[in-house]
Amino acid sequence: MTAAGDGGDRPLIAVLGGTGFVGAAVVETLARRPIRLRTVGRRPQPVPPGAVAEIEVLPADLTVRADLEAAVAGADTVVHLLMHTADWREADGDLAEKVNVGVLRDLVELLGNSSRPPTIVFAGSTSQAGLQERMPLDGTESDRPTTTYDRQKQTAEQVLKAATTARLVRGVSLRLPTVYGDSPRGRLNGRGVVSTMVRKAFAGEELTLWNDGTVERDLLYVHDAADAFLAGIDHAEVLAGGHWLLGTGRGVPLGDVLRTIAELVGARLGRPPVPVVCVPPPDLATATDMHSVVIDSSRFRAATGWRPRVPLHTALRRCVDAFAEDAG
């Protein structure tokens, strides 16, 4: 499926994982540019309305090398947004390894023969740093990944850096914090804490917090994250070979987030907010769940001019409105 356009000498940007939570926002943002845009995912994806870009929608299984080769053929830039966590906590198994590491290795091999090194903008994770005593994280700390998923992301990032050093590609790793928000199509997607708690609040269920709710997270609105990937593309020459942390610079206690969600949903429905209750952490909780995270993204901001633009309260209200309108 394609959107009409004459193409010409427009650069081609391929978005791997374009149907995902962050990917859909990246595709929507890139669609406003006069480029050729190939969005790749396991399922078909509607072309964003009012798109300026010439858009090709390509369903593919990117763990199959032939599909990956077709997905990136002729691309000047590849945005790599694939991730596999198996469930919301771990990434064990051969498929997770293939998605989180193998696709990047294959991608470097496929693109490494180009006459002009193409750009790869890769989605890493701020959790690759592991449990750090010093906050905020700024990208200068020594990484100590603790989960299988983080170790896989770390391995993939190292593959990308080595390929950049060898001048096979221009690799940029953008490490994402906790990302939340409404999708470009006006729905509340994602499996994170914000989406989960909005759904529970609409259902009239109490919102539960582990311990006392003072653990902080640096929450990045998904559309601000999409803008960061565009900034990564635009400034790849300066950013290539490094990893760059994204965040707002503000740690927000999760208790405050849940209470705000309860109040916004209550106001939307015209009823009292659902209770926010503190409970002991379950056995499956890890040290990272109890560890506050704040991100200093000043290095990336200085290099690109990017900054988060949507305040937390505004973004949470958009999440609540998106869920309400989608549910009718």
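Analyst: A residue is called buried under 20% relative accessible area, exposed over 50%, and partly exposed in between (1.4 Å probe, protein chains only). The model is predicted, so local features need pLDDT of at least 70 and side-chain atom pairs count only at pLDDT 80 or more, while totals for chains, interfaces and linings use all residues. Residues are numbered from 1 along each chain as its sequence is written, and side-chain values use heavy atoms, with hydrogens and water left out.

The residue examined here is Asp 218, which sits in the loop between strand 9 (216-217) and strand 10 (219-221); helices (H or I, at least four residues) and strands (E, at least two) are DSSP runs numbered from the N terminus. Asp 218 is buried but forms no salt bridge, a term that requires a side-chain nitrogen of Lys or Arg within 4 Å of a carboxyl oxygen of Asp or Glu. The nearest side chain of opposite charge belongs to Arg 301, 6.8 Å away (Lys and Arg count as positive, Asp and Glu as negative; His and the chain ends are not counted).

Leaving out residues up to four places away in sequence, Asp 218 touches Pro 177, Thr 178, Gly 247, Thr 248, Gly 249, Arg 250, Val 293, Val 294 and Ile 295, where contact means heavy atoms within 4.5 Å.

Although Asp 218 has no salt bridge, the whole structure holds 14 of them. In one, the side chains of Asp 234 and Arg 33 meet at 2.7 Å, N to O. Asp 234 belongs to helix 6 (residues 222-234) and Arg 33 to the loop between helix 1 (21-30) and strand 2 (36-41), so this pair ties together parts that are 201 residues apart in sequence. Asp 234 is partly exposed at 43% relative accessible area, and Arg 33 is also partly exposed, at 25%.

Another salt bridge joins the side chains of Arg 170 and Glu 237 (2.4 Å, N to O). This pair links distant parts of the chain, with Arg 170 in strand 6 (residues 170-176) and Glu 237 in helix 7 (residues 236-239), 67 residues apart. Arg 170 is buried at 19% relative accessibility, whereas Glu 237 is exposed at 62%.

The side chains of Asp 61 and Arg 42 form a salt bridge as well (3.2 Å, N to O). Asp 61 lies in the loop between strand 3 (54-59) and helix 2 (65-72), and Arg 42 in the loop between strand 2 and strand 3, so the connected parts are 19 residues apart in sequence. Asp 61 is partly exposed at 22%, and Arg 42 is exposed at 58%. Elsewhere, Asp 143, Glu 157, Lys 161 and Arg 175 are linked in a network of salt bridges.

A further buried residue is Thr 77, at 9% relative accessibility, in strand 4 (residues 77-80). Apart from neighbours within four places in sequence, Thr 77 is in contact with Leu 12, Ile 13, Ala 14, Thr 119 and Ile 233.
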